[in-house]
Amino acid sequence: MNPLKFRTLPRILPIFLLAFPLGPVLVMPIASAQTKSQPPALLPNPQAIDTLGSDLYLQSGSTGMVLVVVRDGQVFMHGYGETAPGSHQLPNQDSLLRLCSLTKIFTADVLTKLVADKTVKLDDPLQRYAPIHTVVPKRIRPITLADLATHTSGLPRELGNAPRNTPHFTFPDARTRWRWLPNQRLRTTPGTAALYSNVAFDFLSDALQSAAHQQYAALLAQRTLNPLHMRQTTFFPSAQQCSHLLMSSHDDGPCTSTEATAGSSGLYSTATDMATWLKYLLQNPTQTRTPKGDLSAQAIHLLPSQLVSQKGLDHAGEPTGIGLGWIHILPIDSPSHIIEKTGGGAGFETYIALNHARRTAIFFAATDGPVDTHLNLYNAANKLLLAVAGLPPLPPPPAEPTLRRAHRPPATRARHPRRTSTR
């Protein structure tokens, strides 16, 4: 299709707009009244989205940003800023992006497909898929695959700090983490408390690899990426792809193979592929353009009220439900209900948010700028999503006690360790 030309802003230009046939409402595996009897709706005026995206970019202080909006099968993409400091080149639909922790929802997608074909069960113990002679620690009960996917395994966030000069998302590899695991004491009984864990998702991908008797990267390609024709989404970027990687204002290390953290954070992708992914996540059973899949990962598997505590799941808003890799914001019967996943690290901040009531979704990937604006980019993106959907914004978060705020820096975009993603 031919690109549509929109108004030009300083250093901010649209990439392109694609329109696809509209379809009736989506029947989700998540029971929700807001998905019923909603008529198809077109994307707002492209200039309105341009303005919202421009404001988001300018507030973020990012070096460069790519924004993708999907509504009722229509796709709208914009590139903002620069591909690298001083490049004077706009990011585009083929710019290479680090997905960071958005990788986890791809792992959850593979998990649900292997559950559907009875290769694994959610209540399978991790021990079943451990290397021979490796003992997985227990605390009252064993760690299950569901515990890994809901951040309730009792494992810590990270294995530890990577050795100096280790490229991003290449530590720890499978051998290192399985040697580390038997010596750990679980922080909580599995299933009772949520603590965001990157290493848990790497163990999850290891378990899926063991169950399927297939290299995990090949399994992800076979079950998810190839059917969706997401050809630029990979753990093994070519030299040509790496030449298109967006760069932040900091030293982000080399563009290299990231299979070591395939379950948690290693994926690279592009705006074009992520538009396909958003349409898949919002899939309409009556449309045949996109291969169908089991979207039960998005369903609520745990309520925060069922847990003794949760830490690290509230970057984009107060969680009201925990899915497999996904977080819910607001009650499920609210029209403004959001299902989201955050990501960050290696000079990037990334986000996906879905609103099934209006069949609307957004994705952004933004690279760090020279100055941290202290903007909660995820919260700002939620406002953009709901504005595009024509829905009320989220309520403001409750004020924190004065003493707590005095000891807590206001920044939500911290400089990230080299190990892996932070969201």
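This is a predicted model: local features need pLDDT of at least 70, side-chain atom pairs count only at pLDDT 80 or more; totals for chains, interfaces and linings use all residues.
Me: Which residue does Asp124 meet in a salt bridge?
Reply: The side chain of Asp124 meets that of Arg128, with N and O 2.8 Å apart.

Me: How far is Leu145 from Leu111?
Reply: In sequence they are 34 residues apart, while in space their C-alpha atoms are 8.7 Å apart.

Me: Back to salt bridges, how many are there in the whole structure?
Reply: A search of the whole structure finds seven salt bridges. One of them joins the side chains of Asp72 and Arg359, at 2.5 Å from N to O. Asp72 sits in the loop between S2 and strand S3 (74–81) and Arg359 in the loop between S11 and S12, so this pair ties together parts that are 287 residues apart in sequence.

Me: Are Asp72 and Arg359 buried or exposed?
Reply: Asp72 is buried, with a relative accessible area of 6%, and Arg359 is buried too, with a relative accessible area of 6%.

Me: What about Arg71, where does that lie?
Reply: Arg71 lies in strand S2, which covers residues 64–71. Arg71 is buried yet has no salt bridge, and the nearest side chain of opposite charge, that of Asp72, is 4.5 Å away.

Me: Which backbone oxygen lies 2.9 Å from the side chain of Arg71?
Reply: That is the backbone oxygen of Val388, which lies 2.9 Å from a polar atom of the Arg71 side chain. Val388 is one of the buried residues of helix H9.

Me: How much of H9 is buried?
Reply: H9 (residues 377–389) is mostly covered, with 10 of its 13 residues buried. What covers those buried residues includes helix H1 (46–60), S2, strand S9 (327–329), strand S10 (338–345), strand S11 (348–355) and strand S12 (360–367).

Me: New topic, which residues touch the most others in the largest nonpolar core?
Reply: That core has 74 residues, and Val68, Phe106, Leu155, Trp277, Ile352 and Phe363 touch the most other members. Helix H5 (residues 198–212) gives the most to this core, with eight residues. Apart from it lies another core, of 29 residues, among them Leu56, Ala381, Leu384 and Leu386.

Me: What is Trp277 in contact with?
Reply: Leaving aside neighbours within four places in sequence, Trp277 is in contact with Ile105, Phe106, Asp109, Thr224, Leu228, Met230 and Ile352.

Me: Is H5 enclosed or open?
Reply: H5 is largely enclosed by the rest of the structure, because 12 of its 15 residues are buried. What covers those buried residues includes helix H2 (103–116), helix H3 (145–149), helix H4 (174–180) and helix H6 (216–225).

Me: Which salt bridge does Asp206 form?
Reply: Asp206 forms a salt bridge with Arg177, the closest N and O atoms being 2.7 Å apart. The pair links distant parts of the chain, as Asp206 is in helix H5 and Arg177 in helix H4, 29 residues apart. Asp206 and Arg177 are both buried.

Me: And how much of the chain is buried?
Reply: Of the 423 residues of the chain, 57% count as buried, and the chain has 10 helices and 12 strands.

Note on methods
Residues are numbered from 1 along each chain as its sequence is written. Side-chain values use heavy atoms; hydrogens and water are left out. A nonpolar core is a set of buried Ala, Val, Leu, Ile, Met, Phe, Trp, Tyr and Cys residues joined through side-chain atoms within 4.5 Å. Buried means under 20% relative accessible area, exposed over 50%, partly exposed in between (1.4 Å probe, protein chains only). Helices (H or I, at least four residues) and strands (E, at least two) are DSSP runs, numbered from the N terminus. Contact means heavy atoms within 4.5 Å. Lys and Arg count as positive and Asp and Glu as negative; His and the chain ends are not counted. A salt bridge is a side-chain nitrogen of Lys or Arg within 4 Å of a carboxyl oxygen of Asp or Glu. A polar contact is a pair of N or O atoms within 3.5 Å; within protein, one must be able to donate a hydrogen and the other to accept it, and residues adjacent in sequence count only if both atoms are side-chain atoms. The expected span of a helix is 1.5 Å times one less than its number of residues.
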